[in-house]
Amino acid sequence: MLIHVLSTALPVFLALFLGLICRRKAILTRDGIAALKKVAVDITLPAVLFSAFASAEYTPKKMLIPLAVFLLCVVALLLGFLLKRLLGQKSRLSPYLMTGFEAGMLGYGLFALLYPGESSSAFAVTDLGQVLFVFTVYKGLLMGKGKARELIRDAFSSPVLWAIIVGMVFGITGLYDALKPSGVAGIIDSAASFVAAPTSCLILITIGYDLTLKDVPW
């Protein structure tokens, strides 16, 4: 059991520590970390998402999961506005900090490390509800009224959203399964896996770089 825990958790802490060392020893600059984040968000993470959504199951029962997550995010946002009033919070952003969860820049990376034998499509189905919530209700309220065109333009300029859309098209239409007998699906999987491989490490290194423990009000 101890060996299993160490083999699962140690890579996470090692990557965070490497990020910390990169800052302490000036191995990477702030611009370098920004570049790593861009590579992760615009290249490697979309490969993870495409593969996950293409291979996911889209049965009516499975679709209840993203619906439930979407509704839970709405409830969390409403609770955020309620607590803002009860606690006298002045910042308009405080309710939004109560809502949603981080999947793209942390969740998928940790899922791959913690459950190496599992397909990320299991996590993708859960994430789908939150993605829909963020790109509609959340960003719409955050940006304010009269920003619908800007909201749509911003959403569809994201490689992450396009990776999800294309992956879902492959999965829902059955195109992904139809390509399996010919071996094309295997080629797509190999290419996506190769591009997606460094996602977890890149993300955790950038998080480790930004960790400044002395500033935490322990």
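Is Thr44 buried or exposed? In this predicted model, Thr44 is buried, with a relative accessible area of 3%, and its place is in helix 2, which covers residues 30-54. Beyond residues up to four places away in sequence, Thr44 touches Val39, Val195, Ala196, Pro198, Thr199 and Leu202, and its side chain is joined to that of Thr199 by a polar contact of 3.1 Å.

Helix 2 itself comprises 25 residues and reaches 35 Å from its first C-alpha to its last, which is close to the 36 Å expected at 1.5 Å a residue.

When residues up to four places away in sequence are not counted, Ser200 touches Tyr108, Gly109, Ala112 and Leu113.

Tyr209, likewise placed in helix 10, counts as buried at 6% relative accessibility. Leaving aside neighbours within four places in sequence, Tyr209 is in contact with Gly19, Leu20, Cys22, Arg23, Leu28, Thr29, Arg30 and Ile33; with regard to Leu28, the backbone oxygen of this residue lies 2.9 Å from a polar atom of the Tyr209 side chain. Tyr209 and Val137, by their C-alpha atoms, are 32 Å apart in space and 72 residues apart in sequence.

Technical notes:
Residues are numbered from 1 along each chain as its sequence is written. This is a predicted model: local features need pLDDT of at least 70, side-chain atom pairs count only at pLDDT 80 or more; totals for chains, interfaces and linings use all residues. Side-chain values use heavy atoms; hydrogens and water are left out. Contact means heavy atoms within 4.5 Å. Helices (H or I, at least four residues) and strands (E, at least two) are DSSP runs, numbered from the N terminus. Buried means under 20% relative accessible area, exposed over 50%, partly exposed in between (1.4 Å probe, protein chains only). A polar contact is a pair of N or O atoms within 3.5 Å; within protein, one must be able to donate a hydrogen and the other to accept it, and residues adjacent in sequence count only if both atoms are side-chain atoms. The expected span of a helix is 1.5 Å times one less than its number of residues.
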